[in-house]
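Colleague: I would like to learn how to read a structure like this one. Could you take me through it feature by feature?

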Amino acid sequence: MFLNAVPSSLMAWAEQTVPSGLASIYNATTPIMTLLALAVLVPTERLTRRQVGGVVLGIVGVLVLVGPWDVLGDPQVLASVPGQVALLGMTASYGIGLAWLRRFGVGGGYDPTTVATVQLTLAAGLMLVVAPVVATGPVQLDWRIVGAMVALGAVGTGLAYAWNTRLVGAWGAGRASTVTYLTPVVGVALGVLVLGEPLRWNEPVGGLVVLAGIALASGLLGARRRRRTGAVAGPVESAPADSPVTDPSAPAGAAAAYSSRADLDPSSPVP
């Protein structure tokens, strides 16, 4: 319900009136909604200051990428307030779903692919139940429409949610939600390459800021910094080769030394 049925329905309804650029800005609120939901559902998963900085940097990048100074001058914006509220409901639903998935799905030790399969199957069942009530318009199907639905369902939804579920398990819901910043980047790139839309100066600049925010929030920049710090720290005094450290009460430096010796010998067990 929270990761598929409700947000997809709200997005489809809102996009009838909300400009796509403005919708991209609202979509970037997903990490914020996820952090709020995590505070209630998974209070043990807290982002560090560096990760929060990455989230904020990503939002700034999306704003630069979309160029709200152009969108806000559009008269359609004021006329689409109900659609904008629906988009906030969409991102709130994503936030609740990701936090719930982290705690009760992958957090419960279940296989991510199995979780995604059951999740999408249940969402399809929910939509089939409400379809006779909400989908009252005429239905037109041909081989192109069916093919597009299968491609989007299998790749854009099926594989994407399987990967997303694994990402939530590996990164946590807060950091995993920052991948939503990539949606406007991909949209702008495809608009230029496929639809021939003009490339504005703010689009590549905003894209770079978005990527920097994701790298910061995911810990990539911090990991490189830690590796450089460790390289500068110098070698650790090694323990004798015939006396591996197995005593839990042994000094941490000796344990680290034994670990470094195991790196030299592939047959040695690494603690």
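This is a predicted model: local features need pLDDT of at least 70, side-chain atom pairs count only at pLDDT 80 or more; totals for chains, interfaces and linings use all residues.

Colleague: What share of the residues is buried?

Modeller: Buried means under 20% relative accessible area, exposed over 50%, and partly exposed in between, with a 1.4 Å probe and protein chains only. Of the 271 residues in this protein, 33% are buried.

Colleague: And how do I read the contacts?

Modeller: A contact means heavy atoms within 4.5 Å. Among contacts in this protein with a separation of 6 or more, 80% join residues 24 or more positions apart.

Colleague: Which residues have the most contacts inside the largest nonpolar core?

Modeller: In soluble globular proteins, nonpolar side chains tend to be buried together. A nonpolar core is a set of buried Ala, Val, Leu, Ile, Met, Phe, Trp, Tyr and Cys residues joined through side-chain atoms within 4.5 Å. The largest one here has 33 residues, and those with the most contacts inside it are Leu 3, Val 18, Val 62, Leu 87, Val 168 and Tyr 181. Elements giving two or more residues to this core include helix 4 (49-66), helix 7 (81-105) and helix 9 (143-171). Helix 7 gives the most, with seven residues.

Colleague: What does Tyr 181 touch, leaving aside its neighbours within four places in sequence?

Modeller: Its partners include Pro 31, Val 55, Ile 59, Val 62, Val 210 and Ile 214.

Colleague: Is Thr 165 buried or exposed?

Modeller: Thr 165 lies in helix 9 and counts as buried because its relative accessibility is 0%. Beyond its neighbours within four places in sequence, Thr 165 is in contact with Leu 101, Val 106, Pro 112, Val 115, Ala 116 and Gln 119. Asn 164 is also in helix 9, and at 17% relative accessibility Asn 164 counts as buried. Not counting residues up to four places away in sequence, Asn 164 touches Leu 98 and Leu 101.

Colleague: Which residues make the nonpolar surface patch?

Modeller: Patches are made of residues with over 30% relative accessible area and no salt bridge; like charges are joined within 9 Å, nonpolar side chains (Val, Leu, Ile, Met, Phe, Trp, Tyr) within 5 Å. A salt bridge is a side-chain nitrogen of Lys or Arg within 4 Å of a carboxyl oxygen of Asp or Glu. Areas come from the Shrake-Rupley method with a 1.4 Å probe; for residues, only the protein chains shown count as cover. Here Leu 182, Val 186, Leu 190, Leu 193, Val 194, Leu 195, Leu 208 and Leu 211 make a patch of about 830 Å². Helix 11 supplies the largest share, four residues. Leu 190, in helix 11, is partly exposed at 47% relative accessible area.

Colleague: How many aromatic pairs are there?

Modeller: Rings of Phe, Tyr and Trp (its six-membered ring) pair if their centres lie within 6.5 Å; planes under 30 degrees apart count as stacked, over 60 as edge-to-face and the rest as tilted. The count comes to one aromatic pair. Trp 100 and Phe 104 form this tilted pair, 4.4 Å centre to centre with 40° between the planes. Both lie in helix 7, four residues apart, about one turn of the helix.

Definitions and conventions:
Residues are numbered from 1 along each chain as its sequence is written. Side-chain values use heavy atoms; hydrogens and water are left out.
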